[in-house]
Amino acid sequence: MTTPLIGPPLGILAELTHRCPLQCGYCSNPVELLKANWELGTKAWIDTFEQAADLGILQVHLSGGEPTLRKDLDEIIACLSQRGVYTNLITAAVTLTLDKIAGYAGAGLDHVQVSFQGARPETTELVGNYKNAHKKKRQAATWVRELGLPLTINAPIHKLNIQEVPEYVDLALELGAERLEIANVQYYGWAYLNRAALLPDYDSVMRQVDYVEKIREELTGILNIDFVTPDYYADYPKPCMGGWASDAFMVTPEGLALPCHAAQSITTLSFDKVTDKPLKDIWETSEAFNRYRGFDWMPEPCRSCERKEIDFGGCRCQAFAMTGDAAATDPTCIKSPHHATLRDLPPAEPIRKRVMSKMPVSA
Ligand code: SF4
Ligand code: FES
């Protein structure tokens, strides 16, 4: 297999910690979470970000877990800001204080994304299993706007809150957000284990799609609405990561460089650590990064498909979760031999650690 030409990476998703006050059943962190004492220290993160800036990285998404639980977040933001890298803080916001946000803004933070587990207070509390979460998030979002920072509201959508999409739009407008991200939950990791509790029915999904198309047009120039579609009900898969190791990657709390946030679920891959190798070498030569880069790895029907430069064969993590083969055609594709059985998967046992006992597990 030839190694495809590799341009420089443009973005990093930095998972600074797996510690989190919420317990959402669709969490994109790995099923095996890391303890705090395995996290990279301040010096290692700053060294990684300095190398990233040298490589030409334009933006870093500071995520978790809950990144604001790191006491060195101001220092990390300041380092990136001084190197001219755009910083986006992705937070659940329930542990934020005005002092903390003002400190991040002072260090040069460019943008804040606050997740709301529901548009209604009772849904936010139920899904995240955190008392008064909604009120705290609203307060934090208000502080963000008062400090003059642009705000995105992230709405992870599943069976329990799909009816609340119009209320999410109202909430985003009320809080002065620039962007609303309506992100249908993607089914790998925790969400795959909990799919029986989370996967919405076809009619609800279609109502949501119609509504989002209509309101997006009505609110053009007022609110940007990003829509991550529910590909279990689509004919073709999403272009996951814009292609494997194409222009972005992520770093886990202990420093593993991954081609996407769920790549550790592919148990046939091994990953390099940013403390063991220069970032440039990892980006260009990592076996895991090169495994599904470009088009040469593709089997049929992807290899000769006219859509391969649109969706890059879909999602490797989803293919592995459903077929045991990460190189298989993504089963959400109508051309996959597994497509017909996509929604016939046996109900999973709910995983109580991350799905609250109050959460209904059947339709
Ligand atoms: Fe995409 Fe492969 Fe399906 Fe073609 S066959 S649409 S490239 S997933
Ligand atoms: Fe890993 Fe899609 S989440 S390739």
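Q: Which residues does Ile-225 touch, not counting residues up to four places away in sequence?
A: Ile-225 touches Leu-180, Ile-182, Val-212, Ile-215, Arg-216 and Leu-219. Two residues are in contact if their C-beta atoms, placed from the backbone, lie within 7 Å. This is a predicted model, in which local features need pLDDT of at least 70, side-chain atom pairs count only at pLDDT 80 or more, and totals for chains, interfaces and linings use all residues. Residues are numbered from 1 along each chain as its sequence is written, while chains are lettered from A and ligands numbered from 1 in the order in which they are written.

Q: What makes Ile-225 buried or exposed?
A: A residue is buried if 20 or more other C-beta atoms lie within 10 Å of its own, exposed if 12 or fewer, and partly exposed in between. Ile-225 has 22 within 10 Å, so Ile-225 is buried.

Q: Why are α4 and α5 called roughly perpendicular to each other?
A: Helix α4 (residues 121-128) and helix α5 (residues 133-146) pack at an angle of about 110°. Angles of 65 to 115 degrees count as roughly perpendicular, under 35 as roughly parallel, over 145 as roughly antiparallel and the rest as oblique. Therefore α4 and α5 are roughly perpendicular. On the α4 side, the contact is made by Pro-121, Thr-124, Glu-125 and Gly-128, and on the α5 side by Ala-133, His-134, Lys-135 and Lys-137.

Q: Which residues are closest to ligand 1?
A: Ligand 1 is surrounded by 14 residues, the closest being Cys-302, Cys-305, Arg-307, Lys-308 and Cys-333. A residue counts as near if its C-beta atom, placed from the backbone, lies within 6 Å of the molecule.

Conventions
Axes are lines fitted to C-alpha atoms, for helices over the stretch in contact, and angles run from 0 to 180 degrees between N-to-C directions. Helices (H or I, at least four residues) and strands (E, at least two) are DSSP runs, numbered from the N terminus.
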